[in-house]
Amino acid sequence: MVADQASVGPTAPPRPSRNPISRALLEKVVGRVVGAGGIVFGVQTIPSMVDQIGSMQEAWAWFIGISIFGGFVAVAVASIVVRGAETAAAFVAISYLIALITWPLAVNDPSAVQTSVPWLWYLCTVATAAAAYAFTAWIAVGYLFVAPLVYGLIRLTPSGGAVSLAHAALDSIYAVLLGGAVLILVVILRQAAANVDAAQALAVARYSNAIREHATELERVQVDAIVHDSVLTTFIQAARAYSPDERVLATNMARNAVAHLASAAAATPFDESTTTLESLRERLAVVSSEMGVSVDLKAGDLAGCNIPSAAAEALYSAAVQALVNSSQHAGHGVEVRRWVGIDAGPDGGALIEVGDTGHGFDPAVVPGERLGVRVSIVERLRNAGGRACIDSRPGDGTVVRLLWPSGDITPPMPGRLS
C-alpha cells in the first residue's frame, strides 16, 4: 500500500532562563561591594585616624570621619534595600574629595611636618570605586585623576609629610592605577550588562512577533478549514442532494456547519481546558450516525483519559473531514465498509483511525487547491501539535490515522476494523 505521511512533532516548551547578568543585578552587586569594601577599609583606617586626630582640628575630624564612614554604611544599607545606593556613593566620593582639599587647612599647625601618611590615603581606591558607581564614565574618569592629583599635592606640603616630588608622584600614580582597574572593571561589566539587557529585549520582541505570527497562521488555517469543512462541503452536498437520503444528509451537514461556526466564534486562543476521550467518542458516534452511510465505531478503554480541548477539537474536525471525504469519494455498496476507531495514544493523548475499503486515491496527485486533506486534516493536526498519516492507493481503500501528541503511528491502531 502506498503511504503518504504528513506529520509534525510538538515542540518542547522552552525552559525559563535566568539571566547570568543584567544591569539591575550588576548595580546591586557593585553597590554592595563598594559598601562592604568601604566598611572593611574604613575599619583598617581607624587606627591611623586615631593616631593623627590629635594634630587635626576636632570639628573637622569628626565631620569628615562621620561623613565618609557614615557614607560607607549608607551605601551598604542602600544596596541591600535597593534604593538610593548611587546617591550615597556620590556623597562618599564628594566627601572624600572635600576632605582631601581641606586637609592642609584642617591640621592644627599647617607648618608642622607630619610624620605619618594621611589616613585618607587608605581610602583613595574606595572613593574612586564609589565615584565609578555613582557617576557617568566621563565624570568617574575625571575623578580618577583629580583625587590622586590632589593627594599628591598634599603630600608635598608639610601637613602631608613634605615628601619629595618623586615620592608624591609615585603615590598618585599608584592610586590612579588601582582606581583605574576598578573603574575599567565597572565600565566593562556595565557595558556587558547593557548588551545582555538589549539582547533580551530584542529576543522578547522577536518572540512576541513570532507568537503573533503563529496565532495569525493558526487563525488562517482554522478559517480555511472551517470554510472548507463547514461551508463548501455543505454547499457541494446540497447541490448534489437529489434523493431524500441525500437531502437529509445535506440538512444534517448544514446543522453541523452552523454549530461548528458558532463553536469557532466562541473559542478563545490558548484554551487550557481539557476534554475526555469518552466525550470525543460520543461526538464521533453522533456525526457517524448522521453521515448517511454505514460507519462502524469501535473504541478502546477510554476511562480516565483526558486531552486539551484544542487538541480534541482538532482531532474531531479532522476525523469528520475524513468521514466526509469517505462518504463522498469512497463509493457505495455492500463491498465498501467504513469504520472509525478511537483509543488512547501510545504515549498518552489520543489515536483516531478513519478508514474505508472504497476506491482509494493517490495522495501524491491531489491538486494543491484541494483543501480537504492538506488543510482540514494534515495542517490542522500539525498546528495542534499532533500528526496525521494518510495511507491510500487507487482501488485499495483509504486509512487516515490521527495522533495527538505527535508520535509514531505507522502501524495500524489496535482494534482496527477491517
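These legends describe several close-up views of a predicted model.

**View 1. The largest cavity of the predicted model and the residues that line it.**
In this model the count comes to 1 cavity of 30 Å³ or more, and the volume of the largest cavity is about 40 Å³. Its lining is made up of Met49, Ile53, Met56, Trp60, Ala61 and Trp119. When these residues are sorted by class, the lining has 6 nonpolar residues, with no polar and no charged ones. One of the lining residues, Trp119, returns in the next view.

**View 2. An aromatic cluster formed by Phe69, Phe72 and Trp119.**
Across the whole structure, a search finds 5 aromatic pairs. An α-helix has 3.6 residues a turn, so residues three or four places apart point the same way. Both Phe69 and Phe72 are buried. Phe69 also pairs with Trp119, and this pair is stacked, with 6.1 Å from centre to centre and 15 degrees between the planes. Trp119, like Phe69, is buried.

**View 3. Helix H4 and its buried residues.**
Of the 11 residues of H4, 10 are buried, so this helix is largely enclosed by the rest of the structure. The buried residues include Cys124 at one end of the numbering and Ala134 at the other, and among them are also Val126, Thr128 and Tyr133. Several alanines belong to the buried set as well, including Ala127, Ala129, Ala130, Ala131 and Ala132.

**View 4. The charged end of Arg283 over the ring of Tyr316.**
Here the charged end of the Arg283 side chain sits over the ring of Tyr316, at 3.8 Å from the ring centre.

**View 5. A polar contact between the side chains of Asn325 and Gln321.**
Asn325 is part of helix H9, which covers residues 309–329. The relative accessibility of Asn325 is 19%, and because buried means under 20%, this residue counts as buried. The side chain of Asn325 makes its polar contact with the side chain of Gln321 at 2.7 Å.

**View 6. Two residues with positive phi, Val82 and Ala162.**
Val82 has a phi near 55 degrees, which is a positive value in a residue other than glycine. Val82 is found in the loop between H2 and H3, where it is exposed, with a relative accessible area of 55%. Ala162 is not a glycine either, and its phi is positive at about 50 degrees. Ala162 has its place in the loop between helix H5 (137–156) and helix H6 (165–239). With a relative accessibility of 38%, Ala162 counts as partly exposed.

**View 7. The cis peptide bond between Trp404 and Pro405.**
The peptide bond that joins Trp404 and Pro405 is cis, and its omega is about -10 degrees. Pro405 is placed in the segment after strand E8, which covers residues 398–404.

Technical notes. Residues are numbered from 1 along each chain as its sequence is written. This is a predicted model: local features need pLDDT of at least 70, side-chain atom pairs count only at pLDDT 80 or more; totals for chains, interfaces and linings use all residues. Side-chain values use heavy atoms; hydrogens and water are left out. On a 1 Å grid over the protein atoms alone, a cavity is a set of points where a 1.4 Å probe fits but cannot get out, and a pocket is an open set with protein on both sides within 12 Å along at least five of seven lines; lining residues have an atom within 4 Å of a point. Grid points are joined across faces, edges and corners, and a volume is the space filled by probe spheres set on the points. Ala, Val, Leu, Ile, Met, Phe, Trp, Tyr, Cys and Pro count as nonpolar, Asp, Glu, Lys and Arg as charged, and the others, Gly among them, as polar. Rings of Phe, Tyr and Trp (its six-membered ring) pair if their centres lie within 6.5 Å; planes under 30 degrees apart count as stacked, over 60 as edge-to-face and the rest as tilted. Buried means under 20% relative accessible area, exposed over 50%, partly exposed in between (1.4 Å probe, protein chains only). A charge sits over a ring if NZ of Lys or CZ of Arg is within 6 Å of the ring centre and within 35 degrees of the ring normal. Helices (H or I, at least four residues) and strands (E, at least two) are DSSP runs, numbered from the N terminus. A polar contact is a pair of N or O atoms within 3.5 Å; within protein, one must be able to donate a hydrogen and the other to accept it, and residues adjacent in sequence count only if both atoms are side-chain atoms.
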